[in-house]
Amino acid sequence: MNLKNKNFYQYQDKIELPETVTFSLQKSEFGSSQPDRFVFTGPLGTSIFSLQSLNSLKKDRVAFSFDTYSQTLDTTAQNIRVIYINSTSKSSLKLYKSILQNKCIGVSRGFLMYLKISGIGYRVTLVKNDSKDNVNANDVLHFKLGFSHDIRYEVPSGVRVFLQSPVSFCLFGLDINQLTQIAATIKNLRKPNAYKEKGIRLLNDKVTLKIRKKLK
């Protein structure tokens with residue numbers, strides 16, 4: 001994965017790994033001859049970035065190189081401390097730097113996303129999975145959102161939910177993209193009303209209420 005011709009790439013940047021995060025290169029299960037996965041490991045768990053996604057994310061050429069901060073050339077998880085990103089596009093450089101930085105943050109600190117429910121009678125309850133017989137079962141959220149029935153939402157694995165009150169809760173996970181997708185799905189259960197502010201929204205979302213036109 002080391003670069004042979006860095007002059008080909010117009011834009012370069014680097015990421016220094018936190019002390020609590022280790023990094024390694026691994027081959028995928030499909031018998032690849034070269035390592036094609038970045039594996040980040042920290043106090044909270046492990047997160048993987050597949051190099052096969054490079055083609056699907058951007059068409060610009062991107063390459064990586066590494067610094068071990070030692071005199072050896074052994075690129076093991078304990079030695080690699082700096083990841084250099086080289087790209088032919090500035091936008092691609094920013095994209096991959098953000099992805100890799102989020103991987104480091106995820107396995108070291110994790111991400112929190114707060115949601116709030118507004119509306120008379122609207123509330124949420126959490127059913128935790130404490131079953132020893134089915135350890136793969138996920139937590140379940142039950143929403144009362146003004147419909148004739150409750151809405152059941154099963155939280156995907158790898159994400160934890162903390163109920164702060166009947167109308168506010170937060171999501172915790174290692175993958176910020178997964179949390180964003182889950183939050184969007186939950187918000188779609190009852191989108192905020194533009195006139196009465198009823199619905200589900202992120203805590204830091206700014207809602208601009210519309211004024212109803214008066215009938216003459």
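Visitor: How many helices and strands does the secondary structure of the protein come to?

Guide: This is a predicted model. Its secondary structure comes to three helices and 13 strands.

Visitor: Which strands does β3 join, and how do they run?

Guide: Strand β2, residues 22-26, is joined to strand β3, residues 37-42, by five bridges, and the two run antiparallel. Within this pair, Ser 24 stands opposite Val 39. On to the next pair: six bridges join β3 to β4, residues 45-50, again in an antiparallel arrangement. Here Phe 38 has Phe 49 as its bridge partner.

Visitor: How many residues lie between β3 and β4?

Guide: Two residues lie between them, and the strands form a hairpin.

Visitor: How many salt bridges does the structure hold?

Guide: The structure holds five salt bridges. One of them pairs Asp 139 with Lys 128, with the closest N and O atoms 3.2 Å apart. Both residues lie in the loop between β8 (123-127) and β9 (140-144), so the pair ties together parts that are 11 residues apart in sequence.

Visitor: Is Asp 139 buried or exposed?

Guide: Buried means under 20% relative accessible area. Asp 139 has 12%, so this residue counts as buried.

Visitor: What share of the residues in the protein is buried?

Guide: Buried residues make up 36% of the 216 residues.

Methods: Residues are numbered from 1 along each chain as its sequence is written. This is a predicted model: local features need pLDDT of at least 70, side-chain atom pairs count only at pLDDT 80 or more; totals for chains, interfaces and linings use all residues. Side-chain values use heavy atoms; hydrogens and water are left out. Two strands pair if DSSP finds at least two bridges between them. Helices (H or I, at least four residues) and strands (E, at least two) are DSSP runs, numbered from the N terminus. Buried means under 20% relative accessible area, exposed over 50%, partly exposed in between (1.4 Å probe, protein chains only). A salt bridge is a side-chain nitrogen of Lys or Arg within 4 Å of a carboxyl oxygen of Asp or Glu.
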